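Here is a protein chain shown with two ligands. Take a look at it, then follow the ligands one at a time.

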Amino acid sequence: MYNYKHQFETYPEEEIAMKVSVLGATGYAGAELLRILYNHPQAEVVHITSESHTGEKIADLYPHLRGCYDMVLESMKDIEAIGKDSDFVFIGLPHGHAMKVGKALEDLPVRIIDLGADYRFHDTSVYEAWYHVPHTHPDAKRVYGLAELYREEIRDAKIIGNAGCFTTASILALAPLARQHLIDVNTIIVDAKSGVSGAGRSPKQANHFPELYDNFRAYNVAHHRHTPEIEQAVTDLSGEATVINFTPHLVPMSRGILSTCYATLKEGVTPELVDAAFEKAYSKEFFIRLLGRGGYPSTKEVRGSNFCDIAWHIDERTHRVIVLSAIDNLVKGAAGQAVQNFNIACGFDEKMGLDFVPMYP
Ligand SMILES: NC(=O)C1=CN([C@@H]2O[C@H](COP(=O)(O)OP(=O)(O)OC[C@H]3O[C@@H](n4cnc5c(N)ncnc54)[C@H](OP(=O)(O)O)[C@@H]3O)[C@@H](O)[C@H]2O)C=CC1
Ligand SMILES: CC(=O)N[C@@H](CCC(=O)OP(=O)(O)O)C(=O)O
């Protein structure tokens, strides 16, 4: 297994601290992890897996990785061997698979960062109700992997359930208001739009170019699986049981999420109190860029980066706050956040391997 990274003097092998493996490296999230990990000075990718493309080179499936990775995809059938060989295993598999991996690796010192939903819920009965599969590892020691809000818990976690893409954008938008009790949490409406890479690499009719391009539609209204994830975080932050409306939309672009979140302000809450809540929550957060009251974040301004851009507006007629947040679904919404969590869990600088400027235009 030869990782091209080691041919460069700046990354001598003996200085690389953590051996990492990527399960589901042929997915969009897995491939994005490889892109980011390539520039991470303390991570060496030792195993990459695929069941459909075992034995093939990752760069043949993702030519943008040519010259960066010469690695061959392995099966994850011998997951224990992969676990023994790794300090961290990143999982980019469809939901339902990570819990089997987590169980199999339970007694090994390896730590797990799952990009899917299996380890995101405090209460696995919520997972079972929304994902319609039994949870086979309900007693796992796990934490919710939204770095800015659960940093302390992430530091020592064995299993990190990386936050979802719509949820990252939406929870970061709502968190300062929920934590400071400035909004009635049961009036929250989240209206979010995603680029199509959020649906993964497998072709589907709705994502076929003639049906997607020049089109714009909502889906899974009132029953999208990210609804309980947002509710869980808002409940954690506000201390109040929360039920929300969440409506996702598919937009004909490859990457990016824009989440528009509405909530009624509590009586007496002024625009200045809202401004202060965002400043207090995020002024020291490198990956959160506050555009301030009246700002307009856009997906292109965060594309390819781990930034979450946030702005808010107050409608004085309705006494509602409208928060806008933009992320790249594959970076802050998946692989970038996973590496941010990895950095926290390793005690590295949180920006390590992630300190890059968005691609523009
Ligand atoms: N795309 C996104 O924006 C985001 C994705 N995620 C999460 O990341 C995970 C991966 O998503 P994404 O990369 O988009 O999905 P893709 O559909 O692009 O990739 C899925 C990956 O899972 C593997 N896989 C599929 N079915 C099986 C199976 N039965 N057994 C073993 N491996 C399987 C595929 O490998 P192969 O077919 O080669 O064997 C492939 O590597 C999901 O849990 C998703 O929810 C999270 C946040 C954002
Ligand atoms: C555009 C699109 O289809 N998006 C996916 C969400 C992205 C994803 O993979 O889900 P997680 O973030 O929970 O892992 C969906 O709506 O199901």
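A polar contact is a pair of N or O atoms within 3.5 Å. Keep that cut-off in mind. The model is predicted.

Start with ligand 2. Which residues come nearest to ligand 2? They are Arg120, Cys165, Tyr219, His224 and His226, out of 13 residues around this ligand. Now apply the cut-off. A polar side-chain atom of arginine 120 is 2.7 Å from an oxygen atom of ligand 2. For histidine 224, a polar side-chain atom also lies 2.7 Å from an oxygen atom of the ligand. Tyrosine 219 places a polar side-chain atom 2.5 Å from a ligand 2 oxygen atom. On its own, ligand 2 exposes 440 Å², and the protein buries 73% of that. Its shell holds six nonpolar residues, six polar ones and one charged.

Next, turn to ligand 1. Its surroundings count 24 residues, with Thr26, Ala29, Ser50, Leu93 and Arg201 the closest. Backbone atoms take part here. In glutamate 51, a backbone N or O atom lies 2.8 Å from an oxygen atom of ligand 1. In leucine 93, a polar backbone atom is 2.7 Å from a ligand 1 oxygen atom. Serine 52 uses a polar side-chain atom, 2.9 Å from an oxygen atom of the ligand. Helix H1 (28–38) and helix H11 (331–346) each give two or more residues to the shell. That shell divides into eight nonpolar, 14 polar and two charged residues.

Finally, step back to the chain. An unreviewed UniProt entry annotates residues 19–157 as "domain: Semialdehyde dehydrogenase NAD-binding". This stretch is 32% helix and 17% strand.

Note on methods
Residues are numbered from 1 along each chain as its sequence is written. Chains are lettered from A and ligands numbered from 1 in the order in which they are written. This is a predicted model: local features need pLDDT of at least 70, side-chain atom pairs count only at pLDDT 80 or more; totals for chains, interfaces and linings use all residues. Side-chain values use heavy atoms; hydrogens and water are left out. UniProt positions are given in the numbering used here, feature names are shortened, and annotations may be inferred rather than shown by experiment. Helices (H or I, at least four residues) and strands (E, at least two) are DSSP runs, numbered from the N terminus. A residue is near a molecule or strand if one of its heavy atoms lies within 4 Å of it. A polar contact is a pair of N or O atoms within 3.5 Å; within protein, one must be able to donate a hydrogen and the other to accept it, and residues adjacent in sequence count only if both atoms are side-chain atoms. Accessible areas come from the Shrake-Rupley method with a 1.4 Å probe; for residues, only the protein chains shown count as cover. Ala, Val, Leu, Ile, Met, Phe, Trp, Tyr, Cys and Pro count as nonpolar, Asp, Glu, Lys and Arg as charged, and the others, Gly among them, as polar.
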